[in-house]
Amino acid sequence: MMISITSGKGGVGKTSFAVNLALALSPEYRVLLVDADLGLANVDVMLSLAPQVTVRHVLLEGRSIKAAIIKSGYGFDILPAASGVVELVQPDSEMKGALELGLRELDNEYDLLLFDTGAGISPVVLWFNCLAAYSLVLYTPEPTSITDAYALIKVLSRDYGQKNFFLLANQASQKEGEQYYVHLTRVINRYLGLSPYFLGSVPKDPELERSIRLQRPLLSFKRESKAAQAILKVGEELKPFFQKESLKAAVRF
Ligand SMILES: Nc1ncnc2c1ncn2[C@@H]1O[C@H](COP(=O)(O)OP(=O)(O)OP(=O)(O)O)[C@@H](O)[C@H]1O
Ligand SMILES: [Mg+2]
């Protein structure tokens, strides 16, 4: 099953959440974390890895997608993106075709493909969300982040057929996350006719900032921290969805 981790506004915490969620679900599930910010890699940096083969070699030099997969060292695998490769920022339809084929093949070998997308509504972000059975949209308790989350969901649902959304508040207390969820989901329900599933809130936690500086996932060394506990809970919330078949057509919430 493919799930995209995405947001309207940048810097809300997608990559740090994705890395920790991948760890939370491993090794119970075979997880491949795909760095879907193709031309501006982040996942490898967050894990202090230096991949030799990346999606650049796959899409521009004809290497096989499997040749680019590396072990994270934390129980899940990674498909690394390239750093500073302009051609990959907006891949053409040929590249997207090849990538889709490769990802669908990998989808058979892993239980879960997690896409760590870039922010916003650029074509490549929308494309990854389209491919995914579910879009997990992160927001922070700021009006701009909420507005951008709504804009992304609107475009995806109206123009790209994505109807399955999870919402997750990051850097938010439980109360704040819930308040914004209620607000956001009311508008989504009213104008888009959808009911996104709320996954909860991950608090602002200095330990998470420290883990980023250390280039190690928080869950690998501070499982008892507040953010780590919240992310583990999100993992538990998600598990029932993995049992269901990823039928893109149906609205399931
Ligand atoms: N739960 C949290 N507690 C404290 N700080 C956080 C938390 N989540 C994210 N951050 C901070 O937000 C910054 C951005 O996080 P991250 O790189 O994961 O965001 P992103 O959404 O992937 O960004 P981009 O849109 O550029 O890809 C981190 O460097 C970290 O300082
Ligand atoms: Mg990121």
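Author: Start with helix α1. Twelve of its twelve residues are buried, so α1 is largely enclosed by the rest of the structure. Keep in mind that this is a predicted model.

Reader: Which residues of α1 are the buried ones?

Author: They are Lys 14, Thr 15, Ser 16, Phe 17, Ala 18, Val 19, Asn 20, Leu 21, Ala 22, Leu 23, Ala 24 and Leu 25.

Reader: What should α1 span at 1.5 Å a residue?

Author: The twelve residues of α1 (residues 14-25) should span 16 Å, and the end C-alpha atoms are 16 Å apart, which agrees.

Reader: New topic, pockets. How much space lies in the largest pocket?

Author: About 280 Å³. The lining of the largest pocket has 14 residues, and those nearest its centre are Gln 174, Leu 199, Gly 200, Ser 201 and Lys 233. Two or more lining residues come from each of α7 (174-192), β8 (197-202) and α9 (226-243).

Reader: Which element gives the most to that lining?

Author: α9 does, with five residues. By class, the lining of the largest pocket has six nonpolar, five polar and three charged residues.

Reader: And the second largest pocket, how much space is there?

Author: About 160 Å³. The second largest pocket is lined by 14 residues, and nearest its centre lie Asn 170, Gln 171, Leu 208, Glu 209 and Ile 212.

Reader: Where does the largest share of that lining come from?

Author: From helix α8 (residues 206-214), which gives three residues. The lining of the second largest pocket divides into six nonpolar, five polar and three charged residues.

Technical notes: Residues are numbered from 1 along each chain as its sequence is written. Chains are lettered from A and ligands numbered from 1 in the order in which they are written. This is a predicted model: local features need pLDDT of at least 70, side-chain atom pairs count only at pLDDT 80 or more; totals for chains, interfaces and linings use all residues. Side-chain values use heavy atoms; hydrogens and water are left out. Helices (H or I, at least four residues) and strands (E, at least two) are DSSP runs, numbered from the N terminus. The expected span of a helix is 1.5 Å times one less than its number of residues. Buried means under 20% relative accessible area, exposed over 50%, partly exposed in between (1.4 Å probe, protein chains only). On a 1 Å grid over the protein atoms alone, a cavity is a set of points where a 1.4 Å probe fits but cannot get out, and a pocket is an open set with protein on both sides within 12 Å along at least five of seven lines; lining residues have an atom within 4 Å of a point. Grid points are joined across faces, edges and corners, and a volume is the space filled by probe spheres set on the points. Ala, Val, Leu, Ile, Met, Phe, Trp, Tyr, Cys and Pro count as nonpolar, Asp, Glu, Lys and Arg as charged, and the others, Gly among them, as polar.
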